[in-house]
Amino acid sequence: MQPKAYRFILIVTVLALGAALGFGTSVGNYVIALVALPAAIIILLILKPLVRGVTEDERSYRLAGNAARWAFSVFVVTAAIASNVLIALGIRGAEAAGETPMAARAMTIAGTTLSLAVAFVFLVYLIAYIIYNRKS
Amino acid sequence: MKAHSITNRIKVWRAEYDLTQQDLADKVGVTRQTINALEKEKYIPSLELAFKIARLFGVSIEEVFHYPE
């Protein structure tokens, strides 16, 4: 298989996976999501060894590293600000603005979840950094 | 557009050996896009890749890559 054909299949598979996850979530059938994810992974794992030629090299790894670092920075900063705003609104703003206590509570929960997600991403980054630091 | 001060003569050597970008990429185990980025001097290769390219052309690294004082 040519690398171009593999890239096409990869894009189609990811799109189909996204559609399946979206559909499964919207109809409340989580079995679809649970089946679609491993199926997509298995399809790609089977097809990758069949690709002739080089699909990844040192430049693509460096690009992926730079892109990941940039995405990490953007996500952490944006999510940290958003979580603080949500929590602040949940504590005071929502009730002061005449929102129901339910809405205020939802904002607080969303903000807390987001800040926990930031903490989790930081933890994963730290663990990955320590592992790679030991390897090199 | 040059993103750094290291220059190279990969295109010249490739022409000397009558190789396409894809041929050179296959021989040194990278993608054609990487060879293109190297020739446009947008990407600095690893030391390993630099050695591979130089050895393929049968010359020293300094004859392919140049780092000005």
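Q: Where is Asp18(B) found?
A: Keep in mind that this is a predicted model. Asp18(B) sits in the loop between α1 and α2 of chain B.

Q: Why is Asp18(B) called exposed?
A: Its relative accessible area is 69%, and the label exposed needs over 50%. So Asp18(B) counts as exposed.

Q: What makes the phi of Asp18(B) worth a remark?
A: Phi of Asp18(B) is near 55°, a positive value in a residue other than glycine. Most residues other than glycine have a negative phi.

Q: Which residue with a positive phi follows α3(B)?
A: That's Glu41(B), with phi near 60°. Glu41(B) belongs to the loop between α3 and α4 of chain B.

Q: Is Glu41(B) buried or exposed, and how do you know?
A: Buried: the relative accessible area of Glu41(B) is 12%, and buried means under 20%.

Q: Why are α2(B) and α3(B) called roughly perpendicular?
A: Helix α2 (residues 21-28) of chain B packs against helix α3 (residues 32-39) of chain B at an angle of about 110°, and their axes are 8 Å apart. Roughly perpendicular covers 65 to 115 degrees, so α2(B) and α3(B) get that label.

Q: Which residues meet where α2(B) and α3(B) pack?
A: From α2(B) come Gln21(B), Gln22(B), Leu24(B), Ala25(B) and Val28(B). Their partners in α3(B) are Arg32(B), Ile35(B), Asn36(B) and Glu39(B). In α3(B), the buried residues include Ile35(B) and Glu39(B), along with Thr34(B), Ala37(B) and Leu38(B).

Q: What makes Arg14(B) and Glu39(B) a salt bridge?
A: The closest N and O atoms of Arg14(B) and Glu39(B) are 2.5 Å apart, and the cut-off is within 4 Å. So the pair qualifies as a salt bridge. The partners are 25 residues apart and link distant parts of the chain, with Arg14(B) in helix α1 (residues 10-16) of chain B and Glu39(B) in helix α3 of chain B.

Q: How do you know whether Arg14(B) and Glu39(B) are buried or exposed?
A: Arg14(B) has a relative accessible area of 12%, and Glu39(B) has 15%. Buried means under 20%, so Arg14(B) is buried and Glu39(B) is buried too.

Q: How many salt bridges does a search of the whole structure find?
A: Two, over all chains. One of them joins the side chains of Lys48(A) and Glu56(A), at 3.5 Å from N to O.

Q: Why are Lys48(A) and Glu56(A) called partly exposed?
A: Lys48(A) has a relative accessible area of 37%, and Glu56(A) comes in at 39%. Buried needs under 20% and exposed needs over 50%, with partly exposed in between. So Lys48(A) counts as partly exposed, and so does Glu56(A).

Q: Why are α1(A) and α2(A) called roughly antiparallel?
A: The axes of helix α1 (residues 3-26) of chain A and helix α2 (residues 30-47) of chain A cross at roughly 170° and come within 8 Å. Angles over 145 degrees count as roughly antiparallel, so that's the label for α1(A) and α2(A).

Q: What makes Val14(A) partly exposed?
A: Val14(A), in helix α1 of chain A, has a relative accessible area of 48%. Exposed needs over 50% and buried needs under 20%, so Val14(A) lands in between as partly exposed. The C-alpha atoms of Val14(A) and Leu37(A) are separated by 9.5 Å, with the two residues 23 apart along the chain.

Q: Which residues form a nonpolar patch on the surface?
A: Phe120(A), Leu123(A), Val124(A), Ile127(A) and Ile131(A) do, with about 470 Å² of accessible area together. Phe120(A) lies in helix α4 (residues 101-135) of chain A.

Q: Why is Phe120(A) called exposed?
A: Phe120(A) has a relative accessible area of 54%. The cut-off for exposed is over 50%, so the label applies to Phe120(A).

Conventions: Residues numbered from 1 in each chain as written. Chains lettered and ligands numbered in written order. Predicted model: local features only at pLDDT ≥ 70, side-chain atom pairs only at ≥ 80, totals over all residues. Heavy atoms only, no water. Patch = residues over 30% accessible without salt bridge, like charges linked within 9 Å, V, L, I, M, F, W, Y side chains within 5 Å. Areas by Shrake-Rupley, 256 points an atom, 1.4 Å probe, with all protein chains shown as cover. Helix = DSSP H or I, 4+ residues; strand = E, 2+ residues; numbered from the N terminus. Buried < 20%, exposed > 50% of the residue type's maximum accessible area, 1.4 Å probe, protein only. Axes fitted to C-alpha atoms, helices over the stretch in contact; angles between N-to-C directions. Parallel < 35°, antiparallel > 145°, perpendicular 65-115°, else oblique. Contact = heavy atoms within 4.5 Å.
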